[in-house]
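This report looks at charged pairs, one backbone angle and a nonpolar core. Please have the sequence and the 3D view ready before reading on.

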Amino acid sequence: MPSIAEQLKKMTINKQITSNGVSWADILRNETNRLKQFIQDELDMAYMSYYPKVYHRTGLFQQSLFVDDAISISASGKQLTMNVKFNDLAYHNSLWNGSDGYLPVLWSEGWTWKNQSNSRERFTYWGGNHFLKNAVDKYNNNNSYGIVAKIERY
């Protein structure tokens, strides 16, 4: 009898139907979209948590989240994967050195200037709001398929 890994490598995800008649591909797509919504909700709450006084927001970051339509099987054959990603709108031009900042990490994990002589929250430092971790935790605590969402860093 072939191992589970061998069976997964040979399976066509779109043709695998559950007992209730729904394909695993549809379940993965629906669940990935649910995870995306958890992330979007956390991001929207972060936007509503304060209103900048010194600058004007473009709102582009809120439009950067999308679900990658591809379903992949890991190299080991033991994991099915779908991805929620951020597009180019998630990058922000720096005012100081010209390099782009990746907002999902900056907002979620925080950042700081090297020179903190005049420390001001959201201007010279940000401790992060952990919106990505919060969204993944909420999803993992609220799904009926036992799917585990995780954050991968590149």
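A salt bridge is counted here when a side-chain nitrogen of Lys or Arg is within 4 Å of a carboxyl oxygen of Asp or Glu. The model is a predicted one. By that rule, it holds six salt bridges. Three of them are set out in the table, including the pair K138 and E42.

| Salt bridge | Closest N to O distance |
|---|---|
| K138 and E42 | 2.4 Å |
| D68 and K85 | 3.1 Å |

**Charged pairs**

What separates E31 from R34 along helix α2? The two are three residues apart in this helix, which covers residues 24-48, so about one helical turn lies between them. E31 has a relative accessible area of 9% and is buried, whereas R34, with 27%, is partly exposed.

In the pair K138 and E42, the closest N and O atoms are 2.4 Å apart. Is E42 buried or exposed? Its relative accessible area is 9%, and E42 therefore counts as buried, the limit being under 20%. K138 is partly exposed at 40% relative accessibility.

The salt bridge between D68 and K85 has its closest N and O atoms 3.1 Å apart. D68 belongs to strand β1 (residues 65-73) and K85 to strand β2 (residues 80-86); the pair is 17 residues apart and links distant parts of the chain. K85 is partly exposed, with a relative accessible area of 32%.

**A positive phi**

Most residues other than glycine have a negative phi. H130 is not glycine, yet has a positive phi, near 60°. Where does H130 lie? H130 is in the loop between β6 (125-126) and α4. At 37% relative accessibility, H130 is partly exposed.

**The nonpolar core**

In soluble globular proteins, nonpolar side chains tend to be buried together. The largest nonpolar core in this model has 18 residues. Those touching the most other members are L35, I39, L43, F61, F86, W107 and F131. Helices α2, α3 (103-109) and α4 each supply at least two residues of this core. The largest share comes from α2, with six residues.

Which residues does F86 touch? Leaving out residues up to four places away in sequence, F86 touches I39, F61, S64, L65, F66, Y102, P104, F131 and L132.

Methods. Residues numbered from 1 in each chain as written. Predicted model: local features only at pLDDT ≥ 70, side-chain atom pairs only at ≥ 80, totals over all residues. Heavy atoms only, no water. Helix = DSSP H or I, 4+ residues; strand = E, 2+ residues; numbered from the N terminus. Buried < 20%, exposed > 50% of the residue type's maximum accessible area, 1.4 Å probe, protein only. Core = buried A, V, L, I, M, F, W, Y, C linked by side-chain atoms within 4.5 Å. Contact = heavy atoms within 4.5 Å.
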